[in-house]
Amino acid sequence: HYFNSFGSVLQQKCRNPTITNVRNYAARKGYREAAKKKKVKTVIQKQAWIPHNLRKKDVEELSTVQKSDEHKKLRATDDVWVAKSYAWRIFDFKEAVECHRETHHPTIYNVPDAQINLFIELDMRTAKPTKFAEKFRRMAILPHIYEQDGLQERSILVFCKTQEQREAAQNAGANLVGGTEIIKDIEKGKVVLPDFRFVLAHPTILPEMVTIRGLLKKKFPNIKSGTLGPNLGELVSQFKNGVEYSCVRDEKQLSYGWINSSVGRLNMDNSKLEENFQALLKDIIAQKPKRPGPFITRIVMSSPPSVEKMKINFEPHLSAEDAVDDESSDEDEAVPLKA
C-alpha cells in the first residue's frame, strides 16, 4: 500500500510539474564588458625573421639606418663646435656641391667626377594615425643623363601593334620589340622572360597580353608602375636612362622611411645638377600620401670616397604647391590647443 501511494504521487508530480523561477534581471556590467572584449578581433602584425642569436635584442638595434634626432639639438652659435652635440649646419644645394668639389680636387681625393648621392628621409604617415604608406620603387626621369655607378645593363621588352610604334621603341634603345608574334613565342618558350628586366607595352595591345599575364607576374605592364603608356619612345628612354630608386620603411618605426639615390656627378654644371635635383624631388613627392604636412623631412648629400655628409636646404627647390602645404602644416603645429 505504501509503494502504491508513493507511485501515484510521482505520477501526479510528473503530470503537473512545478514552474521554476526565471532570472529577470540584467547581467552585471563587468560580465558584459568581458564578453565584448572577447568579440574584438586582435590584429596580429607580422614581423621580419630575426636570427636566433639576435632575437632577444630590440629591433631598433638590428636596423641598419637610424632615424636622426639632430632636429632636437640646439643650433651652434660659435664658429667652432662639437658636431655630435649640436644640430647640423644646413647648406644650399650649390654650396654643398662646391664643398664636395674641393675635397675631390686632384690634390686631395683626385676624383673630380665622383657621383653625388642623396639620402632622403620621408614621413610615411597617412591621414589615419594607425596606417602608414607602403614602400615603393620608382624610375625617375632626369633631364640630364649621366653615367651611374654600378648601373647594370637594362634589357627592355616592348609590346606594340603598329610599325610606327615599333620604330619609336627601337630607336629609343629597346632590346626586343614585337606584337602577337612575341606573345606566341613566350607561350612556346622561345623567348625567356628573365632575360628582360623591364616589360613595356602600348595600351592597344593589352587585351592580347592577358594570356601571358601569369608568366609575366609582377612585370605585367600597368599604369601604376609606369610601364604602360602611349608614347613608347619616352617610356623606353625613361627605363633605359632613368634613375631607379626605392623607398624603404623602417620595421620598428613605421612612420620613418628613406631613399638612397643620386642626381649627377661633380663635373656637371650646377644648373644641370639643380634641374636633376628638382626632377627627383618632384617624382618623390608625387608618391606622397594624402595628408597635410611635408613628405620629405631631411636630405643629406654625400660623394664617395669622402665620408663627409651635408644637410641640404631642399625647400627652395620644391614646387609652389608643396611649399604652401609645408607652411600650412607648420602653422597648424604652432597654434596651441585651447583647454
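Reader: Quick one to start: are phenylalanine 136 and tyrosine 245 buried or exposed?
Author: Both phenylalanine 136 and tyrosine 245 are buried, with the caution that this is a predicted model.

Reader: And how are the rings of phenylalanine 136 and tyrosine 245 arranged as an aromatic pair?
Author: Phenylalanine 136 and tyrosine 245 pair edge-to-face, with the ring centres 6.4 Å apart and 85° between the planes. Phenylalanine 136 belongs to the loop between β2 and β3 (137-140), whereas tyrosine 245 belongs to strand β7, so the pair ties together parts that are 109 residues apart in sequence.

Reader: How many aromatic pairs does a search of the whole structure find?
Author: The search finds 4 aromatic pairs. One of them joins phenylalanine 93 and phenylalanine 277 in a stacked arrangement, at 4.6 Å centre to centre and with 15° between the planes.

Reader: Which helices hold phenylalanine 93 and phenylalanine 277?
Author: Phenylalanine 93 lies in helix α4 and phenylalanine 277 in helix α9, so this pair ties together parts 184 residues apart in sequence. Phenylalanine 93 is buried, with a relative accessible area of 2%, and phenylalanine 277 also counts as buried, at 0% relative accessibility.

Reader: Turning to the largest nonpolar core, how many residues does it have, and which have the most contacts inside it?
Author: The largest nonpolar core has 37 residues, and those with the most contacts inside it include Ile120, Leu122, Phe277 and Ile296. Among the elements that give two or more residues to this core are α4 (93-103), β2 (115-123), β7 (243-249) and α9 (270-285), and it is α9 that gives the most, with 6 residues.

Reader: What does isoleucine 296 touch, leaving out residues up to four places away in sequence?
Author: With those residues left out, isoleucine 296 touches Ile120, Glu121, Leu122, Leu281, Ile284, Ile285 and Phe314.

Reader: Changing topic, which ring does the charged end of arginine 213 sit over?
Author: The charged end of arginine 213 sits over the ring of phenylalanine 220, 4.4 Å from its centre. Elsewhere, arginine 298 lies over the face of tryptophan 88, at 4.5 Å from the ring centre.

Reader: In what order do the 3 strands of the open sheet come?
Author: The order is β5-β4-β6, and the pairing is parallel. Strands β5 (176-178) and β6 (198-201) stand at the edges, each with a single partner strand, so one side of each is left without a neighbour in the sheet. From one strand to the next, the twist averages 15°.

Reader: Over how many bridges do β4 and β5 pair?
Author: Strand β4 (residues 156-159) pairs with β5 over 3 bridges, in the parallel sense, and phenylalanine 159 has glycine 178 in β5 as its bridge partner.

Reader: What lies across β4 and β5?
Author: Helix α6 (residues 180-188) lies across β4 and β5, and it runs at about 120° to β4.

Reader: Which residues of helix α8 are buried, and what covers them?
Author: In helix α8 (residues 232-241), the buried residues are Leu232, Gly233, Leu235, Val236, Gln238 and Phe239. What covers the buried residues of α8 includes β3, β4, α5 (163-172) and β6.

Reader: Last one: how many helices and strands does the protein chain have?
Author: The protein chain has 10 helices and 10 strands, and of its 339 residues 36% count as buried.

Notes
Residues are numbered from 1 along each chain as its sequence is written. This is a predicted model: local features need pLDDT of at least 70, side-chain atom pairs count only at pLDDT 80 or more; totals for chains, interfaces and linings use all residues. Side-chain values use heavy atoms; hydrogens and water are left out. A nonpolar core is a set of buried Ala, Val, Leu, Ile, Met, Phe, Trp, Tyr and Cys residues joined through side-chain atoms within 4.5 Å. Buried means under 20% relative accessible area, exposed over 50%, partly exposed in between (1.4 Å probe, protein chains only). Helices (H or I, at least four residues) and strands (E, at least two) are DSSP runs, numbered from the N terminus. Contact means heavy atoms within 4.5 Å. Rings of Phe, Tyr and Trp (its six-membered ring) pair if their centres lie within 6.5 Å; planes under 30 degrees apart count as stacked, over 60 as edge-to-face and the rest as tilted. A charge sits over a ring if NZ of Lys or CZ of Arg is within 6 Å of the ring centre and within 35 degrees of the ring normal. Two strands pair if DSSP finds at least two bridges between them. Axes are lines fitted to C-alpha atoms, for helices over the stretch in contact, and angles run from 0 to 180 degrees between N-to-C directions.
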